Structures are given as structure tokens and as C-alpha cells.
Amino acid sequence: MSGALTFRFTTQAQLDIRRITSELSDLQRQVASGDKHTDLMGFGGAASRLLNARSMKTNADSRVSVITQLQARFGVQGAALGQVSDGAQMLAQSIREAIAANDGRGVTTELELSFKSIVSALNETWNGQPLFAGERQGAGPIKINTLAELVAAAGPQDIFDEAARHQVLDLGVGEPIVLSAKASEMSQGLLQTLSDLKVFLDANGGTIGQPITGTQLAALQNFADRLDAEATKFTNEEGRAGQLQKRFATEQVRLQERSNLLLKEIGDQADADVAEVSVKLASLLLQYEATAKTFSELSRLSLLDYL
């Protein structure tokens, strides 16, 4: 009877040692990896909630990344719009200075410089995509290079090369946002003014001389006023780009806060509690030592111990 009891206790001690060893191994894994379980099966009914939280966090992080890149885009976009506005205003200022000095010989040169600056700005790109050509990739929306080509153009189709649709962004709230107006929508009036000024100068021998006649003065004043009006359009568009940049910055903060909350929720469900694990480890080590000692003592028992 004593032998049977000894055998039963020895077997139980072996089983306890195996169980404790397995639990110790799992706790040590939790400490090393920081995860409660090795796969989703270990979470049971909470697995679907964990998967959903991870999916939502990935989506939020992706949108934050897109907005971060867009902040740089709007910086470039605002600078390009400002360059167009400055080009028109500087030409208008040059015309008024010419009128004040009664000397229009510099207007032709200023027109050439402003035209090149304006076309360069309208053809600005960001990450290889034109800013003002709609959703189209590739070259910029303005396909003419000289004032002569501008004057010779039979219509917008000879000046602009754009996509039919705007470039838009949907942040997942069901409200696609147009990132920018197309060049043709913003600059037709400005380019028409530059074309008319070029035609006017050519009709006067290619340049306005000194002194400026009364007819020339009235025409130049009209061109300066038209240029100021067109410059205002681009200033307003630059302001719209700034508003979008601010709106996206607010959305970026909101999404980042959402991501942080989801990260905490995921951590609460999936991350091991190191303090709790440490306590369990200490407790199991004590159990292991006691069980191992019992097993060792039982293993040494024989009939001689009872003689």
C-alpha cells in the first residue's frame, strides 16, 4: 500500500513539474516578447475586437502619413500660387513706374520675365505630379513656352494640357476634397492679358518709347489694372491652399490621437503585464522548487527505508 501511494505521489509530482515548467516557459516568453499570447487563438472571444482595433489603427496611421506628405505639398503649392501673383503684380508695378517716368522702354523686358515666371509656377510639380493639371501625371499643364506661341494660340486647347478631373483626396469621411483648381480655371484671364499686352507692344513697334503718348498711357493703365485683378485671383487661391493646409493639420492631430487611443486599447488586450508576470514567475519558481524537492525525496524511497 505504501509503495502504491509512493508511486502515485511520484507520478503527480512529475505531472506538476511538467505543468509548472510549461507555465514558466510561457511567462518567460511573455517577458521577452511583451505579448500575452503567441497567436490570435490565445485571445479567444477577444480576438475579433483585437483584429478590429489593429485594423482601425492601421487605417488611422495611413491617413496620418498621407496628410503629413500633403503638408509639404501645400507649402509648394502656396509658393507657386504666390509666384504667379507676384509675377502679375510686378508687371503691373513696372507699367505704372513706366507711366510715372513717361518712359515705356522697359515694359517689353518686364513682360517677358513675368511670362516665364508665371508659366514656370503654373507648371510646378510635387512628387513628380503637376500641381495644377488635375489628376494627370507627367508634364505641366502649360504647353506653350513663348509669348509668340501664346499670341498664336487659337484657343485654350493650344495652351493647356490637363486631365478632365481635378486631383482630389478622400480622407475616408465621405467628402472628397479638391486639392487645387486647374491652371486653365485660374489663369485664362491672366494669360489673355499677357497676350493682349504682347499684341499691343508689337503694334507699337515691339516696345513703348519715350515719351508715352496719351493713347498708349490709357492702354497701359488698363493693362496694369487688369494685371492687379488677375493677381488677386491667385492671392485668393493661395489663401484657399492655406485653409486646406490648416484643415488637414487639424485632421492630422485628431487621427493621431485616435491612433494613440487604439494603441492603448490594443496594448490593454494584447500586451503582457510585466509586473503581474513577474509575480507569477516568482510564485511558480517557489512551487517548482518545492515540487522538485518532493519528487527527489520520493524517488529515493525504497524498502530499506522501512526496515
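Which residue just after α5 takes a positive phi? Select Gly 205, where phi is about 85°. Before going further, note that the model is predicted, that local features need pLDDT of at least 70 and side-chain atom pairs pLDDT 80 or more, and that totals for chains, interfaces and linings use all residues. Residues are numbered from 1 along each chain as its sequence is written, and side-chain values use heavy atoms, with hydrogens and water left out.

Now select residues 183-203, which make up helix α5; helices here are DSSP runs of H or I with at least four residues, strands are runs of E with at least two, and both are numbered from the N terminus. The end C-alpha atoms of α5 are 29 Å apart, which agrees with the 30 Å that its 21 residues should span at 1.5 Å a residue, the expected span being 1.5 Å times one less than the number of residues. Centre the view on Gly 189, where α5 has a kink of about 35°, the bend at a residue being the angle between axes fitted to the seven residues ending there and the seven starting there. Continue into the loop between α5 and α6 (214-270), where Pro 211 is placed; the peptide bond joining Gln 210 and Pro 211 is cis, with omega about 0°.

**Two asparagines with positive phi**

Select Asn 102, in the loop between α2 (47-101) and α3 (107-122), which has a positive phi of about 55° although it is not a glycine. Asn 102 is partly exposed, with a relative accessible area of 32%; buried means under 20%, exposed over 50% and partly exposed in between, with a 1.4 Å probe and protein chains only. Next take Asn 127, in the loop between β1 (125-126) and β2 (129-130), where phi is again positive, near 55°; Asn 127 is exposed, at 62% relative accessible area.

**Aromatic pairs**

The count comes to two aromatic pairs, where rings of Phe, Tyr and Trp (its six-membered ring) pair if their centres lie within 6.5 Å, and planes under 30 degrees apart count as stacked, over 60 as edge-to-face and the rest as tilted. Show Phe 74 and Phe 248, a stacked pair at 5.6 Å centre to centre with 25° between the planes. Phe 74 lies in helix α2 and Phe 248 in helix α6, so the pair ties together parts that are 174 residues apart in sequence. Phe 74 is buried, with a relative accessible area of 2%, and Phe 248 is buried at 1%.

Finish with Phe 200 and Phe 223, whose ring centres are 5.7 Å apart with the planes at 50°, so this pair is tilted. Phe 200 belongs to helix α5 and Phe 223 to helix α6, 23 residues apart, and both of these residues are buried.
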